[in-house]
Amino acid sequence: MLTSKNKLLIAALLFVFVATPAFAQRLVRPVFYGKSYYLTTTPDIAVKTNMLYDMTTTLNLAVEVRLGYQLTFDIPVNYNPWTFADNKKWKQLIVQPELRYWLYEAFKGHFFGAHLHGGVFNAGHWGAPFSDYMNTHRFEGWLLGAGLSYGYHWIFTYHWSLEATIGLGYAYMNYDTYYCETCGDYVERNVTHYLGPTRIGLSLLYMIK
């Protein structure tokens, strides 16, 4: 007679033999771009959250769609409405659309991107690791800029994957400075031409289709 352990093993093997062909058919599918058909192993739409931004309590969500066999368009939105203890602020609403070129095919392996960014911010009264000046002042304004990025995409299952990316670029920042003892005394208006990291991410993705 079959033991419970053997029955469980047989059930697992049957599941593998039944599920694998269906799963494989779902992975490989024809798509039409331009004037040609291609076989692709990845979906067309992904929804993601940047776990590094999640750690800073910044609400964020991005949607990435396939434009071609090796092209995608990513639209992330970051929003932080919170005021923390001692009137610390890291408020922001930032949008950073990016066009990506994938070396193999969309949503698989290495990619390079070109992005724009724009938004508003209200930040200040932070000490270490920031400067003493930021600890005693608050900055409220807006920014616009652009940059280039590199990233890599790991596929775990048909629906779940992980993405790491880093980008460098420029941002024009126009903001008012306030003295932070009460965070209400106006000091001056400033313009900063920022050059440096403009994008960093470790994102969890759910592939929809």
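Reader: Before I start, what should I know about the model and its numbering?

Author: The model is predicted, so local features need pLDDT of at least 70 and side-chain atom pairs count only at pLDDT 80 or more, while totals for chains, interfaces and linings use all residues. Residues are numbered from 1 along each chain as its sequence is written, and side-chain values use heavy atoms, with hydrogens and water left out.

Reader: How many helices and strands are there, and in what order do they run?

Author: Helices (H or I, at least four residues) and strands (E, at least two) are DSSP runs, numbered from the N terminus. Here the chain has 3 helices and 11 strands, in the order α-β-β-β-α-β-β-β-β-β-α-β-β-β from the N terminus.

Reader: What share of the residues is buried?

Author: Buried means under 20% relative accessible area, exposed over 50%, and partly exposed in between (1.4 Å probe, protein chains only). By that rule, 38% of the chain's 209 residues are buried.

Reader: How do I read the largest pocket, and what lines it?

Author: On a 1 Å grid over the protein atoms alone, a pocket is an open set of points with protein on both sides within 12 Å along at least five of seven lines, a cavity is a set where a 1.4 Å probe fits but cannot get out, and lining residues have an atom within 4 Å of a point. Grid points are joined across faces, edges and corners, and a volume is the space filled by probe spheres set on the points. In this model the largest pocket holds about 1,200 Å³ of space. Its lining has 30 residues, with Trp90, Gln92, Leu143, Met173 and Pro197 nearest the centre. Strand 11 supplies the largest share, 5 residues.

Reader: Which classes of residue make up that lining?

Author: Ala, Val, Leu, Ile, Met, Phe, Trp, Tyr, Cys and Pro count as nonpolar, Asp, Glu, Lys and Arg as charged, and the others, Gly among them, as polar. The pocket lining divides into 19 nonpolar, 9 polar and 2 charged residues.

Reader: And what about the largest cavity: what is its volume, and which residues lie closest to its centre?

Author: The count comes to 1 cavity of 30 Å³ or more, and the volume of the largest cavity is about 140 Å³. Among its 17 lining residues, Asn50, Tyr53, Pro76, Arg199 and Ser203 are closest to the centre. The cavity lining has 4 nonpolar, 8 polar and 5 charged residues, and strand 11 gives the most, with 4 residues.

Reader: How many salt bridges does the structure hold?

Author: A salt bridge is a side-chain nitrogen of Lys or Arg within 4 Å of a carboxyl oxygen of Asp or Glu. The structure holds 13 of them. One of these joins Arg100 and Asp74, with the closest N and O atoms 3.5 Å apart. That pair links distant parts of the chain, Arg100 in strand 7 (residues 98-102) and Asp74 in strand 5, 26 residues apart.

Reader: Is Arg100 buried or exposed?

Author: Arg100 counts as buried because its relative accessibility is 1%, and Asp74 is buried too, also at 1%.

Reader: Where do Asp176 and Arg189 sit?

Author: These two form a salt bridge with closest N and O atoms 2.8 Å apart. Asp176 is in strand 10 and Arg189 in strand 11, 13 residues apart. Asp176 is buried at 15% relative accessibility, whereas Arg189 is exposed at 56%. Elsewhere, salt bridges that share partners join Lys48, Glu64, Asp74, Glu98, Arg100, Glu163 and Arg199 into one network.
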